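This report covers the helices, chains, contacts and core of the structure shown below.

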Amino acid sequence: MSSSSARLWRASPLTYIAIAAVGLLSVYPFYYMFVIATRSLDAINDTPPPFTPGSAFFDNFGRVLDKPDVNFVTGLVNSVIVSSVVTLSVVLTSTLAGFAFAKLRFKGRDALLFTILVTMMIPTQLGIIPLWGMMIDLDWYDSLLAVIVPFLTSAFGVFMMRQYASSAVSDELIEAARVDGCSTLRIFWNVVLPAVRPAAGVLALLTFMEQWNSFLWPRAVLTPENPTLQVSLGFISSGYYTDYSMVFAATAVATLPLVVVFIVFGRQIIGGIMEGAIKA
Amino acid sequence: MSLSATTTPPARLDPPGRPKPPRSRAGRFGRLDLKASPYLYIAPFFIVFGVFGAYPLLRTLWMSFHKWDLVNEPTLGSTWIGLDNYKALLSDDYFWNATYNTVGMFLMATVPQLLLALFLANILNRPLQAKTFFRLTVLVPNATSVAAVAIVFGTLFQRDFGVVNWVLSLFGVDAIDWHINQLTHWTAISTMVDWRWTGYNTLILLAGMQAIPRDIYESASIDGANAWKQFWSITLPMLRPTFLFVTVVSIVGGLQLFTEPLLFNNGSILGGSRRESQTLVMYMYENSIENTAKAGYGAAVAWALFLLIMVAAVGNFLLVRKTVK
């Protein structure tokens, strides 16, 4: 590197200050949530606002569980079920379809792949009115089926796995397996799946996070008696309760699992998002 | 995660010299397997998308030409009224208010967000210490749910004890009631959107920047171009495909804003006592799921929004292509 470009690429202290400031702003709302969730109710009125955590968390969270109409535990269980089932299905169907698009030859392949790309751009949320009517007709209203079945596959997932399988699975291995008389399904299981595991893992994380956080549709088809966690949160926060410590304790419990997952697998998630952007 | 772990080239459509699959062992089954398997593997996506994605979208269009009761339609039926729903939209003040709110909050949130993301990506593109740590911190807001963001920010923007007003008071600004008018609504809601999405867009832009070959910068700096000039004449033009991706995703997502304004207004679908922050998706919801007898009208709102999104996406495409040459 020439000296001038070395100077150009070097990070100055100012750079670190700027990035640290942004980092603080990113983290502060989490910290504030944690502080209020662990303090007694009167702390929220303090001026200046409280900056240190307290010890009242279990007290506060206990009040969440005491409110039967909040159905927090039901919401938690439902969210785990919905997110897990959808994640499992999206990863499996996307990996299968991605493998087919990347490595198998069939009529109409390119056109069908293009269709998938186009559907990624369509705001399908705008179809929720008849979809909601469908749920009534199918008698799925207030049933977890309504928040699971429509999301069992994902265009983004298929495309992501297709891109990854194209380069990560070797054609020679597939050919060799074919010569040995392997069926396509065995090739998928023994050759493709091991090779695409990293991408499948990232897809699983992204899908799980998306499902865990989903709000508009679950709110439309589930009742407060049988909610997902986010629907339950929306209900707690709709102004009916003014007990901020309780509301924040619930919010913290609903958020923390995700933040933990994010911190543990952060490197992979970042990698997945950045790779996806370049490929798309 | 690295995609360069293998040197195998991407699949070709018709690789030369590929041996014919053996027919000895599997025989008939083998041929059927080869022919049918690909379609079986891609079928789940097309079935689910067809039933729960494409069909409802088209049915929305069909409904929008009817007077339609979402719950009683099977017994009461529906009445074809042609373009009447769309004509009614044109003179509906609430519809235009929702359109104004949607576009206004979209611009208020997206323009500063993308500028900040561009700035941050440019910083993160330098050789930093603790690179992964910084990337994680800017992305962590994206791991929270919209519901949680709305709850926490709703409190941060509270009039009497909110942290935002406390910080402003340090600069001598009187307490602001963030629910008082359209501008305050928009400001609070745009802040939530930006907090959650700036880091995500930063990483996407950063990925685009890292794909630009370094030696282009090398030769530019030998020619005496300073950092600012290099940013304008190399980074921005070469970032165009990524920038296009980011803006299209922002348009499609941003114009469908729903949860933040809903929870900012304590779960009211009206978006404030005077509909200060009711968006088009909220108005669609109000005229269908909250009021099932008006579902035909809600469907017209949905398609109006669909058209708005398409016009914005295509317009953005032309604009980006033209300005960044």
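## Helix α3 of chain A

In this predicted model, helix α3 of chain A (residues 57-66) has A:Asn60, A:Phe61 and A:Val64 as buried residues. Viewed along the axis of α3(A), the buried residues fall within an arc of 90°, so they line one face of the helix.

## Chain A as a whole

Chain A contains 13 helices and 0 strands, and its pattern along the sequence is α-α-α-α-α-α-α-α-α-α-α-α-α. The radius of gyration of chain A is 24 Å, well over the 19 Å given by the globule rule for 280 residues, so the chain is more spread out than a compact globule. The C-alpha trace of chain A spans about 70 × 70 × 35 Å along its principal axes. Of the 280 residues in chain A, 45% are buried. Among contacts in chain A with a separation of 6 or more, 74% join residues 24 or more positions apart.

Two domains are assigned in chain A: domain 1 (3-55) and domain 2 (71-228 + 254-279). Taken over C-alpha atoms, the centres of domain 1 and domain 2 of chain A are 34 Å apart.

## Chain B as a whole

Chain B has 14 helices and 2 strands. Its radius of gyration is 26 Å, whereas a compact globule of 325 residues would have one near 20 Å. Along the principal axes, the C-alpha trace of chain B spans about 70 × 65 × 35 Å. Buried residues account for 42% of the 325 residues of chain B. In chain B, 66% of the contacts with a separation of 6 or more are between residues 24 or more positions apart.

## Contact between the chains

The contact between the two chains involves 96 residues from chain A and 93 residues from chain B. On the side of chain A that touches chain B, the largest share comes from helix α13 of chain A (residues 244-279), with 19 residues. That side of chain A is made up of 56 nonpolar, 33 polar and 7 charged residues.

Helix α7 of chain B (residues 163-170) has a link to chain A as well. B:Val163, B:Val164 and B:Asn165 are buried in this helix. The buried residues of α7(B) pack against α2 (13-38) of chain A and α6 (146-156) of chain B. Just after α7(B), B:Gly172 has a positive phi of about 80°.

## The largest nonpolar core

The largest nonpolar core comprises 154 residues, and A:Val196, B:Val301 and B:Leu305 have the most contacts inside it. Helix α10 of chain A (residues 184-213) gives the most to this core, contributing 15 residues. Both domain 1 (3-55) and domain 2 (71-228 + 254-279) of chain A supply residues to the core, so it lies between them.

B:Leu305 shows how residues of both chains meet. Apart from neighbours within four places in sequence, B:Leu305 is in contact with A:Leu126 of chain A and with B:Leu255, B:Leu280, B:Val281 and B:Met284 of chain B.

Conventions
Residues numbered from 1 in each chain as written. Chains lettered and ligands numbered in written order. Predicted model: local features only at pLDDT ≥ 70, side-chain atom pairs only at ≥ 80, totals over all residues. Helix = DSSP H or I, 4+ residues; strand = E, 2+ residues; numbered from the N terminus. Rg over C-alpha atoms; globule rule 2.2 N^0.38 Å. Buried ≥ 20, exposed ≤ 12 C-beta atoms within 10 Å, placed from the backbone. Contact = placed C-beta atoms within 7 Å. Domains from an automatic or database assignment. Nonpolar A, V, L, I, M, F, W, Y, C, P; charged D, E, K, R; others polar. Core = buried A, V, L, I, M, F, W, Y, C linked by C-beta atoms within 7 Å. Arc of directions from axis to C-beta.
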